[in-house]
Protein chains: 2
Amino acid sequence: MSEKNEILENIKTRRSVRKFKPDMVPGDILDQIIEAGTCAPTGMNRQSPIILAITDKAVRDQLSALNAKIMGAGTDPFYGAPVVLVVLADKACPTHVYDGSLVMENLMLAAHALGIGSCWIHRAKEEFEMPEGKELLKSLGIEGEYEGVGHCILGYPDGAYPKAHDKKDTWVYRI
Amino acid sequence: MSEKNEILENIKTRRSVRKFKPDMVPGDILDQIIEAGTCAPTGMNRQSPIILAITDKAVRDQLSALNAKIMGAGTDPFYGAPVVLVVLADKACPTHVYDGSLVMENLMLAAHALGIGSCWIHRAKEEFEMPEGKELLKSLGIEGEYEGVGHCILGYPDGAYPKAHDKKDTWVYRI
């Protein structure tokens with residue numbers, strides 16, 4: 001199989017993982033995943049997104065509780081994943097939601113390429129509209145108005161790797 | 001270099017291409033790019049996006065003119081690319097913009113993996129809010145309210161491959 005096919009295979013075999021072992025992702029692997037995120041294209045190269053790379057358990061748990069509160073649930077929305085990469089993007093940039101989303105896909109694909117499971121977890125927007133979210137950004141010295149785009153949770157999958165979903169019939173229209 | 005590194009290399013070396021040869025992208029390559037797009041994750045697996053794969057020159061030129069009109073320019077916003085993949089997503093799905101954006105990144109990465117240049121071109125939202133855009137969807141039998149997310153233009157790069165942009169200093173915050 002050529003190197004080109006490996007890239008397509010990686011895209012095709014990535015799955016959303018929702019059960020993780022507690023083991024931490026090694027720092028050098030995490031760095032490679034984060035770097036891939038920063039390689040996403042952005043509108044007019046404004047580079048509107050930022051990535052909060054959370055490995056501290058207390059902060060991770062605090063964010064999990066906040067996310068659960070928004071969802072109205074008492075469970076861990078991060079499914080036990082030890083790492084949470086939060087992508088936010090500068091609202092001053094009109095393409096910020098698109099930009100941040102592209103970062104998210106790069107993070108998920110790079111994780112899969114390195115044997116790490118991932119899943120997009122939503123409610124980042126609501127999270128960083130709340131005082132607790134704003135306080136976290138402030139404590140990091142982040143100024144300006146940033147919108148939460150998504151959480152990319154990371155860790156080693158626990159149990160069987162998820163199977164592919166069936167695809168809808170109406171994906172593509174050829175003209 | 002391991003196969004894993006090839007995947008990261010593909011992410012790192014993708015560039016936005018803005019000058020294309022007129023040569024058509026072969027059908028089998030185009031099919032592989034489109035398939036990669038349909039492998040993106042979507043919120044709750046609702047599969048809200050669709051892809052219009054435009055290779056017909058008349059339709060491509062019509063869309064280019066519409067896009068130029070929105071931009072207030074007289075140039076070709078698709079930079080001479082012979083193929084335009086338009087990603088739209090169902091507004092009824094709350095994650096539709098995120099979903100469509102992930103499809104776009106898969107398309108761009110798969111294109112690069114297969115030696116095809118790409119670029120995200122905006123104003124798809126405005127395009128499909130116009131009567132001409134709505135008429136195109138209607139002519140394809142597409143029902144419901146679809147929002148334009150982006151155009152992924154495709155073709156063989158003409159001239160030197162673009163260099164990487166410098167990255168801003170404030171991409172990542174480690175916690």
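Predicted model: local features only at pLDDT ≥ 70, side-chain atom pairs only at ≥ 80, totals over all residues.

**From one residue to the whole assembly**

B:E9 has 15 C-beta neighbours inside 10 Å, so this residue counts as partly exposed. B:E9 lies in helix α1 of chain B, which covers residues 3-13. From B:E9 to B:F20 is 11 residues along the chain, and the C-alpha atoms of these two residues are 23 Å apart.

Let me now turn to a single chain. How many helices and strands does chain A have? It has six helices and five strands. Read from the N terminus, their order is α-α-β-α-β-α-β-α-α-β-β. Chain A has a radius of gyration of 17 Å, close to the 16 Å that the globule rule gives for 175 residues, so chain A is as compact as a globular protein of that length. Along the principal axes, the C-alpha atoms of chain A fill a box of roughly 50 × 40 × 35 Å. Buried residues make up 46% of the 175 in chain A. As for the contacts in chain A between residues at least 6 apart in sequence, 80% of them join residues at least 24 apart.

Next, the strands. I take chain A to begin with. Strand β4 of chain A, residues 146-155, has nine of its 10 residues buried, so this strand is largely enclosed by the rest of the structure. Which strands pair with β4(A)? One is strand β2 of chain A, residues 83-90, which pairs with β4(A) in the antiparallel sense over eight bridges. Within that pairing, A:L85 stands opposite A:C152. Another is strand β3 of chain A, residues 117-121, which is antiparallel to β4(A) and joined to it by five bridges. There, A:S118 stands opposite A:L154.

In chain B, strand β4, again residues 146-155, has nine of 10 residues buried, so it too is largely enclosed by the rest of the structure. Strand β2 of chain B, residues 83-90, runs antiparallel to β4(B), with eight bridges between them. The bridge partner of B:L85 in β4(B) is B:C152. Strand β3 of chain B, residues 117-121, is joined to β4(B) by five bridges, also in the antiparallel sense. In that pairing, B:I121 stands opposite B:H151.

What does A:L85 touch, once its neighbours within four places in sequence are left aside? Its contacts are A:I34, A:I51, A:A53, A:L107, A:C152 and A:L154.

We come now to the relation between the two chains. Chain A is superposed on chain B by a rotation of 180° with 0.0 Å of shift along the axis, at an RMSD of 0.0 Å. The two copies are therefore related as by a two-fold rotation axis. In chain A, the C-alpha nearest that axis belongs to A:I7, at 2.6 Å from it.

How do the chains meet? In number, 51 residues of chain A are in contact with 51 residues of chain B. The elements of chain A that each supply at least two residues to this side are α1 (3-13), α2 (27-37), β1 (49-54), α4 (96-113) and β5 (172-174). The largest share, 10 residues, comes from α4(A). Sorted by class, the side of chain A that touches chain B has 28 nonpolar, 14 polar and nine charged residues. Moreover, 100% of the interface residues of chain A are also interface residues in chain B, so the copies meet through the same surface.

I close with a pairing that crosses between the chains. β5(A) pairs with strand β1 of chain B, residues 49-54, in the parallel sense over three bridges. In this pairing, A:R174 stands opposite B:A53 in β1(B). Thank you for your attention.

Note on methods. Residues numbered from 1 in each chain as written. Chains lettered and ligands numbered in written order. Least-squares fit on C-alpha atoms with pLDDT ≥ 70 in both. Contact = placed C-beta atoms within 7 Å. Helix = DSSP H or I, 4+ residues; strand = E, 2+ residues; numbered from the N terminus. Rg over C-alpha atoms; globule rule 2.2 N^0.38 Å. Buried ≥ 20, exposed ≤ 12 C-beta atoms within 10 Å, placed from the backbone. Nonpolar A, V, L, I, M, F, W, Y, C, P; charged D, E, K, R; others polar. Pairing = 2+ DSSP bridges.
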